[in-house]
Amino acid sequence: MILLVAVTGRDCSQLIARLQALLPEVDVQLWSECTDYEAVEFVLAWNAPADLWPKLVNLKAVSSFGAGVDSIDLTKIAAHVPVVRIVDDNLANDMAEYVLSHVLAHKLRLKEYYLKQSACMWKPKRAYSHQHVGILGYGELGKACAKRLLANGFKVSAWSKSEKHDAEVNTYYTQQGLDDMLGQIDYLVCLLPLNQHTQGIINKSLLSKLQNHAVLINVARGKHVVDEDLLEALDSEQLRGATLDVFSEEPLPKVHPYWFHEKVTLTPHCAALSDLETVTLQIAGNVKRLIEGESLINQVDRTKGY
């Protein structure tokens, strides 16, 4: 069988070499160098070329190269083909650390002091007293972030599509629940999966329901945010600031207003980066399960998109 690596936008040589070492009985190939599409049974995908999928007539399984599957067009993959994703405990720890760091950075006015430093301005102020963090999406990453925030004295609320319960976190669901949460929080952290229901969810309507001292932290996907609406909210002081790690187009174009906005802190999609060893071991494990006729781990519910 062929394990096809259809991961675009990066050098895949180390990835392929490591997978080949873990799976010596499998032919690991890059999509652009595939010698026999009919022999492809397993695809590792991230923004795979759209014209690739119809060629894979004997496809038996697909794995995302990341924790989400929004980079895969599920409509092009037959319903009987399982789709899996990467689940990495290290990602959860890294994400929790990133979120806590940026909540604290906004609370302690660090962006403000960076700007004052560039102007040689000595003007101390007290840190903000705001302590309430709201999380959009309460899966494994959301729970890890909540745990870290609680341990550092923050109050945490969380909204999810379905009802969830947590003794230490105020949990909400339904549109009314979302509206109720938005009006109370000081920091909004987006950790939602990207699907047809969540694309563009951070828009003018949602932002208008936040208190005007609130801060947005988006570590999910860029397409959750309507950029024009966020910029308008920042410019009109409807929102105090934003930390953005993900963008609709990556790398972020050099002319994009986010680069130059004094209320925006941006990072290059680095909040939680997968470790090559951990990822390849998980992918290789699923390939072996496929060969042995066993169920694959971390399968995605296509109706939910995660």
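Reader: Before we get to the loops, what counts as a helix or a strand here?
Author: Helices (H or I, at least four residues) and strands (E, at least two) are DSSP runs, numbered from the N terminus. Keep in mind that this is a predicted model.

Reader: What's its phi like?
Author: Phi of Glu-237 is near 65°, which is positive in a residue other than glycine.

Reader: And is Glu-237 buried or exposed?
Author: Glu-237 has a relative accessible area of 55%, and the cut-off for exposed is over 50%, so Glu-237 counts as exposed.

Reader: What about Asn-298, what's the phi there?
Author: Asn-298 is not a glycine, yet its phi is positive, about 60°. You'll find Asn-298 in the segment after helix 8 (276-291). Its relative accessibility is 26%, so Asn-298 is partly exposed.

Reader: Switching topic: which peptide bond is cis?
Author: The one from Glu-250 to Pro-251 is cis, and its omega is near -5°. Pro-251 belongs to the loop between strand 11 (241-244) and strand 12 (264-266).

Reader: Now the confidence. What's the mean pLDDT of the chain?
Author: The chain has a mean pLDDT of 96, with 100% of its residues at 70 or more.

Reader: Where is confidence lowest, and where is it highest?
Author: Confidence is lowest in helix 2 (residues 89-107), with a mean of 95. Strand 9 (residues 187-190) has the highest, at 99.

Note on methods. Residues numbered from 1 in each chain as written. Predicted model: local features only at pLDDT ≥ 70, side-chain atom pairs only at ≥ 80, totals over all residues. Heavy atoms only, no water. Buried < 20%, exposed > 50% of the residue type's maximum accessible area, 1.4 Å probe, protein only. pLDDT = per-residue confidence, 0-100.
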